Each structure stands twice: as structure tokens, then as C-alpha cells.
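I open this notebook to record what I looked up in one structure. The entries go from the whole chain down to single residues.

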Amino acid sequence: MAWSPSASCEGLLASDRAKWCVDNCGLTTEAAQQRVMSEFPTAFRSAPAAPPVAAAAVAAGGNWNGEAVCDGERAEARAQWCVQNLGLSVEAARQRVMGEHPTVFSSAPAALPVAAAAGATSGNWNGEAVCDGERAEARAQWCLQNLGQSVEAARQRVMGEYPSAFGSAPAAPPVAAAAGCGSGGWNGEAVCDGERAEARAQWCMQNLGLSVEVARQRVMGEYPQQFSGAAGWNPEAVCDGQRAEERAQWCVQNLHLAHGAAQQRVMGEYPQHFGGVAAAGGAVCALGAASQVALQLVKMPVADTRKLVWSDEFKYEGPPDPSKWRYDIGGHGWGNNELQHYTDRRENAWVSNGALRIHAVNEPFGGNEFTSARLVTKGCADWMYGRIEIRLRLPTARGSWAAAWMLPTESSFGEWPRSGEIDIMEHVGMDLGNVHGTVHTEKYNHMKNTQVGKVVPVTVTNFHTYAVEWSHDKVSFLLDDHKYHEFRKESGANWEAWPFDKPFHIILNIAVGGAWGGQKGVEHAAFRGEGQVMEVAWVRVYHLR
């Protein structure tokens with residue numbers, strides 16, 4: 001099954017539906033496209049596809065048979081579709097197929113599929129039952145035609161959405177409402193990304209064919225903090241180095257949200273700072289723990305030019321010097337759901353007029369919709385300890401994620417973050433002007449919300465020199481020869497806290513979107529033409545001794 005932006009999905013172009021998911025659900029473009037394809041499978045493939053939402057947790061009690069015929073298709077073929085398009089494991093995919101076609105695998109009733117959550121109904125089908133003013137059979141036919149479901153799955157779905165019409169207890173929330181979505185009750189006036197909750201529920205009813213009850217459960221699942229009493233506004237909470245109230249004011253001024261809606265948005269992006277929890281599979285969270293704003297800048301001695309051991313001054317024209325730089329290439333998300341495909345083309349990395357320029361461009365390439373470059377010294381040069389300086393000017397568009405950083409050349413203690421990472425400089429366009437200097441280790445990393453870093457305000461449209469001084473017992477972070485952060489080796493620390501006694505190499509790149517850079521979406525228009533550019537005037541490495 002392949003993505004087609006012009007596919008018709010209930011009268012809307014697939015591209016328009018995907019854009020709505022990006023704008024309103026915080027999804028990446030790829031995730032939005034997958035969502036649309038799973039909701040409207042018949043628009044993208046000739047054979048019936050799996051239902052749009054994840055299957056019930058417990059499938060039928062029968063045994064798997066890959067040759068079983070499910071709506072005219074081999075069961076194994078359907079399972080493989082789920083593996084390739086929904087990211088399920090083989091076992092989960094097979095359980096899903098067995099749950100959708102229980103009679104093929106067992107005489108006993110299966111767990112209910114999709115919108116009818118597990119245990120939702122025990123009633124008998126009645127095609128004449130009235131569901132929101134419509135015959136049950138008519139609704140089931142809609143599921144057949146638009147969701148690619150079997151007759152049995154479609155009827156189970158309708159019974160799950162309207163249990164009272166079939167003599168059953170109310171159903172559990174559908175999959176879209178994540179488990180544990182909040183203990184609060186429905187509030188139609190709650191603000192969800194600047195829109196009334198009731199308006200969002202009405203959209204789900206009109207566009208997804210959901211009942212009132214199921215639509216409201218879905219909205220509560222997507223915005224749990226708006227319906228739970230656990231989270232409360234705190235204007236002094238620190239969100240990525242900035243006061244929560246300042247972030248809310250930014251939303252008011254730049255996104256034209258009401259003040260209450262802006263507060264709700266900030267709480268949704270940083271739920272852990274307000275007593276809430278991140279919503280499953282959709283809420284936008286900060287990348288790890290909030291970094292503190294640097295409170296002082298300490299003047300440091302300039303680098304001793306006599307100790308220079310490696311540099312690229314970019315005093316030439318052409319591709320980056322192959323004796324000093326290599327390319328990382330590919331478009332697989334890079335562990336952060338990033339949107340770009342890194343290339344070795346001159347369109348993405350070129351040296352001229354005394355600077356290296358890395359371009360992140362909105363263009364289709366290799367299955368991705370953006371291209372960029374990621375240059376590494378790995379295989380050419382690496383160092384253990386030293387002063388590493390990089391003078392550069394940063395991109396500014398929302399969705400850009402520029403970085404100058406270091407990784408170990410050998411993963412001596414295991415894969416990331418066990419062997420460490422030093423972020424000399426990171427900047428995301430959605431948080432314009434706040435540059436981060438951070439270390440990651442097994443003990444201190446953003447996956448555990450324990451990363452150690454600080455934020456320094458910078459006019460990123462100007463050139464600045466970003467540096468680290470790295471010795472056997474500390475890593476200091478510098479901006480224009482002023483120290484703003486220091487990470488010290490703890491007494492008695494082992495590799496889990498200090499893996500920095502090994503050679504590391506330099507990386508320069510611009511990512512697009514991703515778990516951090518894409519938290520507020522991507523400003524596509526700003527990446528067209530020459531795209532977003534990171535200009536590097538020079539890179540220098542000095543010995544400290």
C-alpha cells in the first residue's frame with residue numbers, strides 16, 4: 001500500500017486529512033499519513049485492510065492459521081500488512097487478525113475489534129436498532145465501505161459504540177482514547193489546542209462516524225490533562241529553561257490563542273511539570289527534563305593557538321574536505337522520528353565564500369519530504385579531551401533542529417546513551433534564541449528525564465562561537481569564550497555517570513521535525529528554495545595540556 005495525497009477519503013483529499021492530523025494531533029507527516037491510510041485503507045489498496053485503530057488487547061482464543069481466508073485474503077497477508085503499515089510485531093499482528101475474524105479461527109466469540117473495546121458488549125445484533133437516528137445496519141454498511149471491515153467486525157463495532165441499543169452495558173472507551181486517559185468527566189467547554197472540546201467531538205462524529213459517547217471519549221483520551229483534576233497551572237514552572245507564563249504569552253502573541261487556551265497548551269506540552277502525565281501516543285512532551293537557564297557567564301581565557309591540533313577553516317570551494325569529513329546518509333528517523341533524508345549532495349552541504357553551509361530543504365527524496373546533511377569526523381579524526389570550538393550561524397524556522405555535537409567513536413559501554421554524548425550546541429526553531437549545552441550518559445539522559453544541561457539566550461541570526469572544554473574530570477560549555485555550564489565528574493563515578501574517557505568525534509547537522517524539533521510542527525514554507533541554512537565559519541580542536 002502506498003501513500004497517495006490525492007486519494008479521496010470521505011470527500012476530502014488524503015493530503016488535507018494528513019495535514020489536519022499534523023496541525024491538530026501533533027503528529028509527524030509520516031505518522032499522519034499512516035493514520036489516514038489506516039483509517040481509509042480502501043482508498044489506498046484494492047484489498048480490504050485492517051481496521052483503522054489498534055486491535056483489541058486480547059484476540060480470539062483460537063490458533064493461528066496463516067492460510068485462513070479473511071474477507072478473500074490470506075490471514076498471513078493481512079498480518080504482514082499490519083506489521084509493515086502499523087508497526088506491530090508479528091504476534092500482535094496475528095492477534096489483531098484473529099480478533100477481527102474470530103469465526104475463522106475459533107467457534108468462540110472473539111474480543112471486540114477496534115472501536116468496540118474489549119468486553120464492550122454482550123448483546124445480539126439487531127439491524128433495525130436505532131443508533132443516533134440511523135439504522136444499525138446502515139452504520140455497519142458505512143464501516144464496511146469506508147473502513148474496510150468485514151461484516152462481523154463492522155457489526156461488532158456498531159454494537160460497541162451503541163451498547164444500550166443492543167441491551168448491553170456501555171462500552172469501554174475506544175483505542176483512540178488511550179488507556180487511563182484521565183479520571184475527570186466530560187467538559188464541552190474545555191479548551192483543546194484552542195478549540196472547544198465539544199467542537200472537536202462534533203468533528204469526530206461528522207468525519208469519523210463515531211457516536212457522541214465514543215467521540216467524547218476520544219477527545220478526553222487525546223487531551224487527558226484538560227479533563228483531569230490532577231494538573232494545575234503554575235506560571236513559574238520551568239519548561240525547557242523558560243517560565244511557563246512566558247511560553248503561554250508567546251502562544252497568545254504568535255498563535256492568537258486565548259490566555260486560557262495558551263495555558264492549556266503549555267500544560268499539554270510539559271505535563272510532568274504540572275502534576276499531569278503524558279498522554280499515550282499523541283500528547284506532545286518536552287524532550288527530557290527541563291534545562292535550567294544559565295544564570296551567569298564566566299569569562300574564560302581564549303584558546304591557545306599553539307595548541308591547535310586540528311581545524312577546518314573552510315577556505316576553499318566545493319564539497320567538505322573528504323580528508324576531514326564524512327557523511328551520515330539515510331532517512332529512517334534517526335531515533336527521534338525526524339523527517340529528513342540525509343544526503344551527500346551539494347544541494348545539502350557545500351563550502352564557498354569562507355563557510356560551510358548545510359541546507360535543510362523541503363523536497364521529496366528517498367521516501368522523505370525533506371533533505372539535509374549530517375557531517376561527521378568519524379573515520380577521519382577523533383579526540384579524547386580538548387577544547388572544541390565551532391563558529392556558526394543558526395537556522396530559525398519552526399521545525400529546524402540544528403546541532404554541533406559529539407559521539408563516541410566506539411560504543412565501549414554499549415549503545416546510546418551508555419557510551420555518552422556531548423551536545424556542544426543544540427537549537428530548535430520552535431524555541432528561537434535558546435541554545436542548549438548538554439551531556440547524556442546512562443545515568444543522566446532525556447529518556448529518564450535526568451539529562452544535565454543549561455540554556456543560554458543567543459541571537460542566533462549572528463555568528464557565535466560555541467565550545468566545550470573537556471578534561472578528565474569535567475566538561476565546560478562556552479559561548480563566545482564565556483562559560484555558562486559545567487558538568488563535573490562525581491567522586492567515585494563509574495562509566496554510567498562518566499563515560500567520557502574515550503575518543504569522541506564531531507557531528508554537524510540540521511534535523512527537521514522529530515521528537516523535539518517538531519513539537520510545534522514544521523513551517524514547511526520556510527524550508528523551500530534554499531531551505532534552512534546553518535553556516536559554519538570554522539571548526540577547531542585544541543589540546544588542553
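**Entry 1: the whole chain.** I take buried to mean under 20% relative accessible area, and exposed to mean over 50%, with partly exposed in between. By that rule, 55% of the 545 residues of the protein chain count as buried. I note at the outset that I am reading a predicted model. I looked up the secondary structure and found 12 helices and 29 strands in the protein chain. The protein chain exposes about 22,600 Å², and carbon and sulfur atoms supply 50% of that area. I also looked up contacts with a separation of 6 or more; residues 24 or more positions apart account for 68% of them.

I then checked some of the pairings. Strand β23 (residues 434–440) pairs with strand β24 (residues 452–457) in the antiparallel sense over 6 bridges. Within that pairing, V435 has V456 in β24 as its bridge partner. β21 pairs with strand β22 (residues 421–428), also antiparallel, over 6 bridges, and W401 stands opposite V428 in β22. On to the pairing with β28: β21 and β28 run antiparallel and are joined by 9 bridges. There, A404 stands opposite L508 in β28.

**Entry 2: strand β21.** Is each face of β21 covered or open? I found both faces covered. In a regular strand the side chains alternate between the two faces of the sheet. On one side of β21 are S400, A402, A404, M406 and P408, and on the other W401, A403, W405 and L407; all are buried. Since 9 of the 9 residues of strand β21 (residues 400–408) are buried, the strand is largely enclosed by the rest of the structure.

**Entry 3: the nonpolar core.** Which residues touch the most other members of the largest nonpolar core? The core has 54 residues, and I find that I506 and L508 touch the most other members. Strand β28 (residues 504–512) gives the largest share of this core, 5 residues. In soluble globular proteins, nonpolar side chains tend to be buried together.

I listed the neighbours of L508, leaving out residues up to four places away in sequence. Among them are W325, L356, I358, L375, I390, M534, V536 and V539. A403 and A404 are also touched by L508, and both of these belong to the covered faces of β21. R374 is another residue that L508 touches, and I return to R374 in the next entry.

**Entry 4: salt bridges.** Side chains of opposite charge can pair when their charged atoms come close. I count 20 salt bridges.

R374 forms one with D328, with the closest N and O atoms 2.9 Å apart. The pair links distant parts of the chain, 46 residues apart, with R374 in strand β19 (residues 374–376) and D328 in strand β14. R374 counts as buried at 11% relative accessibility, whereas D328 is partly exposed at 22%.

E363 forms a salt bridge with R345, with the closest N and O atoms 2.4 Å apart. E363 lies in strand β17 (residues 355–365) and R345 in the loop between β15 (340–342) and β16 (349–352), so the pair ties together parts 18 residues apart in sequence.

R387 and E469 meet through their side chains in a salt bridge of 2.8 Å, N to O. Because R387 lies in strand β20 (residues 386–393) and E469 in strand β25 (residues 464–470), the pair ties together parts 82 residues apart in sequence. Both R387 and E469 are buried. Salt bridges that share partners join R387, E389, E469 and D481 into one network.

Entry 5: R357 lies in strand β17. Its side chain reaches the backbone oxygen of S352 at 2.7 Å. The residues that R357 touches include N348, W350, M534 and E535.

R17 is found in helix α1 (residues 14–25) and is buried, with a relative accessible area of 5%. The C-alpha atoms of R17 and A32 are separated by 8.2 Å, and the two residues are 15 apart along the chain.

A190 has its place in the loop between α7 (151–161) and β7 (191–192). A190 counts as buried at 5% relative accessibility. I looked up Q264 as well: the C-alpha atoms of A190 and Q264, 74 residues apart along the chain, are separated by 9.1 Å.

Technical notes. Residues are numbered from 1 along each chain as its sequence is written. This is a predicted model: local features need pLDDT of at least 70, side-chain atom pairs count only at pLDDT 80 or more; totals for chains, interfaces and linings use all residues. Side-chain values use heavy atoms; hydrogens and water are left out. A nonpolar core is a set of buried Ala, Val, Leu, Ile, Met, Phe, Trp, Tyr and Cys residues joined through side-chain atoms within 4.5 Å. Buried means under 20% relative accessible area, exposed over 50%, partly exposed in between (1.4 Å probe, protein chains only). Helices (H or I, at least four residues) and strands (E, at least two) are DSSP runs, numbered from the N terminus. Contact means heavy atoms within 4.5 Å. Accessible areas come from the Shrake-Rupley method with a 1.4 Å probe; for residues, only the protein chains shown count as cover. Two strands pair if DSSP finds at least two bridges between them. A salt bridge is a side-chain nitrogen of Lys or Arg within 4 Å of a carboxyl oxygen of Asp or Glu. A polar contact is a pair of N or O atoms within 3.5 Å; within protein, one must be able to donate a hydrogen and the other to accept it, and residues adjacent in sequence count only if both atoms are side-chain atoms.
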